[in-house]
Amino acid sequence: MIYIGDENYWNNKFYDRGSKVLEPDQMLVMNLEHLTKGRVLDLACGDGRNSLFLMENGFDVTGVDFSQEALMRLERFSDSKGYDVSTFQRDLTHKEALKNLGVFDCIIVNHYRLSEQIIKDIPNVLKSKGTLLISGFSKKHKTDDKIKDSDLIRFEDFRVIKDKLELIKEIETEDARGSFITYIFKCI
Ligand SMILES: C[S@@+](CC[C@H](N)C(=O)[O-])C[C@H]1O[C@@H](n2cnc3c(N)ncnc32)[C@H](O)[C@@H]1O
């Protein structure tokens, strides 16, 4: 399953980005209170706008992405601010992508749709009472050549671990970019 583009597409996109990091996602900023302090795994972290925000707020962050270009940018931003981020280049379409990363207090996924295999693995890497915050294009988003149906996040995606996660908040938003959904789960 490809999310918007392949590794080349994302490497080029991050290579072409300016020298500044983008602002953190508002859904993360507004829901920070739901994240237990400790270790956070930022899946499909990109160049780290959210990872950097979390480190600024005292979290210990591990970022995973398949784009080497994105991870290099995240490490550069992190070094320049005196933070210490851990990064792993992993392809999240591989079923063992979460292997040997450790166990986390929180997992965030912002603007990426996880595969069923990875969703099934989440309870193995998230502590009991840990938070999973997922945010991205919702099923109401109008698809086109760029954002395809397979990129839309649905509540049914999480049915495979419904006995292990409890939904504590669901937020639907719309803006000029489209329709978005945020789910916040607690691991039982
Ligand atoms: C829209 S960006 C979101 C980046 C970041 N989470 C944010 O909110 O700024 C999508 C990210 O997913 C990553 N990605 C796409 N497919 C992936 C895959 N199969 N494995 C790992 N990362 C992937 C891209 O490299 C990119 O960084």
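Predicted model: local features only at pLDDT ≥ 70, side-chain atom pairs only at ≥ 80, totals over all residues.
## What sits over helix α3

An α-helix has 3.6 residues a turn, so residues three or four places apart point the same way. After α3 comes G58, and its phi is positive, near 90°.

## The overall build

Zooming out, the protein has five helices and seven strands. Read from the N terminus, the elements go α-α-β-α-β-α-β-β-α-β-β-β. The radius of gyration is 15 Å, close to the 16 Å that the globule rule gives for 188 residues, so the protein is as compact as a globular protein of that length.

Buried residues account for 37% of the 188 residues. As for how the chain connects up, take the contacts between residues at least 6 apart in sequence: 64% of them join residues at least 24 apart.

## The sheet

The seven strands form an open sheet with mixed pairing, in the order β3-β2-β1-β4-β5-β7-β6. Out at the edges are β3 (86-89) and β6 (165-175); each has a single partner strand, so one side of each is left without a neighbour in the sheet. On average, neighbouring strands are turned by 15° against each other, with direction ignored.

Two helices are worth checking against this sheet. Helix α3 packs on the sheet and touches β1, β2 and β4, and its direction makes about 170° with that of β2. Helix α4 also packs on the sheet, touching β2 and β3, with its direction at about 175° to that of β3.

## Around β7

Strand β7 (residues 178-187) pairs with β5 (residues 126-137) in the antiparallel sense, over seven bridges. Two bridge pairs to click on: T131 has K186 of β7 as its partner, and G136 has I181 of β7.

Then there is β6, which runs antiparallel to β7 and is joined to it by ten bridges. Here I171 stands opposite T182 in β7. The link from β6 to β7 is a hairpin through two residues. Seven of the ten residues of β7 are buried, so this strand is largely enclosed by the rest of the structure. If you are following side chains along it, remember that in a regular strand they alternate between the two faces of the sheet.

## Where α1 meets α4

Helix α1 (residues 7-16) packs against α4 at an angle of about 35°, and the two axes are 7 Å apart. From α1 the contact uses W10, N11, F14 and Y15, while α4 brings Q68, E69, A70 and R73. Sorted by class, that makes four nonpolar, two polar and two charged residues.

## The ligand shell

There are 18 residues around the ligand, and W10, A44, G46, F66 and L92 come nearest. By class, the shell divides into eight nonpolar, six polar and four charged residues. W10 turns up in two places, then: among the residues that come nearest to the ligand, and in the contact of α1 with α4.

A44 lies in the loop between β1 and α3. Is A44 buried or exposed? It has 22 C-beta neighbours inside 10 Å, and 20 or more is the cut-off, so A44 counts as buried.

N100 is another residue other than glycine with a positive phi, in this case near 60°. You will find N100 in the loop between β3 and β4. With 7 C-beta neighbours inside 10 Å, N100 counts as exposed.

Terms used
Residues numbered from 1 in each chain as written. Near = placed C-beta within 6 Å. Nonpolar A, V, L, I, M, F, W, Y, C, P; charged D, E, K, R; others polar. Helix = DSSP H or I, 4+ residues; strand = E, 2+ residues; numbered from the N terminus. Rg over C-alpha atoms; globule rule 2.2 N^0.38 Å. Buried ≥ 20, exposed ≤ 12 C-beta atoms within 10 Å, placed from the backbone. Contact = placed C-beta atoms within 7 Å. Pairing = 2+ DSSP bridges. Axes fitted to C-alpha atoms, helices over the stretch in contact; angles between N-to-C directions.
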